[in-house]
Amino acid sequence: MKLLAVMCCLLGSSWAAAATLAAPVYKGFGDWLVGCDNVGDCEALAAAAEPQRLTLRIQQPAGPAGRLTVRLEGDERFSVTDLQLDGRPLGLDAAGWQVSSDGQGEQPFEIASRSPAAAADFLARVRNGQLLSYGSGDARGAASLSGLSAALLLIDEKQGRLGTAAALLRRGSKPASSVPAAAPVPPAPAASPVPPGLDERQGRALIAAVRRSQAGLLKEVDCEAPGSPGMVDEADALDAREALVSLACWAGAYQTSSLLFRVQRAAPHAAQRLVLKSPLGSRYDHLTNVSYDPGTGVLQHFAKGRGVADCGESAEWQFDGRDFVMTRFSYMDRCAGLRPELWFELWRTGAPR
């Protein structure tokens, strides 16, 4: 099974200028991961290789007014007064915290800080510790703090908070107002008009034409023959002249990866391989669990690192009539028992212009 492996971080030497906030960051420190998106919003997450039944998240939006929030998820209900740092009571004031999810349905129990002051107090108490925990025996939850300080320092560097009153780790005398503003959210491209559709006969003809013309490439990359169990080729209209053909090549227990081609609808159906890029600099020469909606022009990719979907990546592109433009990208390379909702969103767009 060939899966796209994107393991990269983009970390420059200086993040003082607001313009640099648009470069996404993904980096690990010990048992912690940090992700910052194309606006500059950052999140740090405890992600030990062995799940410990307590998830600790620190969310810091970009800009001087970005509201710091700490979130704690557990398999069991607990209170902040139950929390221990390295076996001793943490001593938090319960008034600074609230239940943000009652744990009903598929969502875990979660408590969150009510204010940036409560979140900052929490970080000051735990940043030099080794283990945050609650409960005991089968009801015990724990989160490793190994790497937390380095994660906080990276966020301070990324957002220009070092030496300011708004820093997470290295505070100084500069006012919070000196923190650079968040980068603007880029607008999503407008969708192209809905194209004339393909009927079943036209679709089959395009798929067959691409299989013939790309036979050398398919052999080179070990693309399996069509008709293998669970593998389906697809053809969808892009516009009146072009179609998007997806050739299923590699199948596993829970996902299939495909090669994509932009194909002329008119004979002889000239085809060009579609290769896209991630915001972390990697090339997508194939997509996994790919889907395309000709009505909206949205192309989707969802690759799981393993069946429980606790790691992997997902992405969306909008076809604007000429190109596929990325509108969303989420990523998690560490398989640590985390829900897909906790994958870092590293690229986002707003409403179309």
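**Helix α3 and its packing**

I began with what the buried residues of α3 pack against, and found α4 (215-220), β12 (234-237), β13 (242-251), β14 (256-264) and β15 (271-273), contact being taken as heavy atoms within 4.5 Å. The model is a predicted one, in which local features need pLDDT of at least 70 and side-chain atom pairs count only at pLDDT 80 or more, while totals for chains, interfaces and linings use all residues. Residues are numbered from 1 along each chain as its sequence is written, and side-chain values use heavy atoms, with hydrogens and water left out.

I took helices (H or I, at least four residues) and strands (E, at least two) as DSSP runs numbered from the N terminus. The buried residues of α3 are listed as Gly203, Leu206, Ile207, Ala209, Val210 and Arg211, where buried means under 20% relative accessible area, exposed over 50% and partly exposed in between, with a 1.4 Å probe and protein chains only.

I then checked the length of α3 (residues 200-213): its 14 residues reach 20 Å from the first C-alpha to the last, close to the 20 Å expected at 1.5 Å a residue, the expected span being 1.5 Å times one less than the number of residues. At the N-terminal end of α3 I noted Asp199 as the cap, with a side-chain oxygen 3.2 Å from the backbone nitrogen of Arg201.

**The open sheet**

I followed the seven strands of an open sheet, which run in the order β1-β2-β3-β4-β5-β9-β8 with antiparallel pairing; two strands pair if DSSP finds at least two bridges between them. Because β1 (25-29) and β8 (97-102) stand at the edges with a single partner strand each, one side of each has no neighbour in the sheet. Neighbouring strands are turned by 20° against each other on average, direction ignored; axes are lines fitted to C-alpha atoms, for helices over the stretch in contact, and angles run from 0 to 180 degrees between N-to-C directions.

For one pair I looked up the detail: β2 (residues 32-36) and β3 (residues 42-46) are joined in the antiparallel sense over five bridges, and Val34 has Ala44 in β3 as its bridge partner. Helix α1 (residues 116-126) packs on this sheet, where it touches β4 (54-60), β5 (69-74), β8 and β9 (109-113), and its direction makes about 70° with that of β5.

**Salt bridges**

I counted 17 salt bridges in the structure, each a side-chain nitrogen of Lys or Arg within 4 Å of a carboxyl oxygen of Asp or Glu. Arg125 and Asp121 meet at 3.0 Å, N to O, and they are separated by about one helical turn because they lie four residues apart in α1. Arg125 is partly exposed at 35%, and Asp121 is partly exposed at 31%.

Asp310 and Arg306 form a salt bridge at 2.6 Å, N to O; here Asp310 is buried at 2%, whereas Arg306 is partly exposed at 38%.

The salt bridge of Glu341 with Arg339 has its closest N and O atoms 3.5 Å apart, with Glu341 exposed at 53% and Arg339 partly exposed at 21%.

Methods: Polar contact = N/O pair within 3.5 Å; in protein donor to acceptor, adjacent residues only side chain to side chain.
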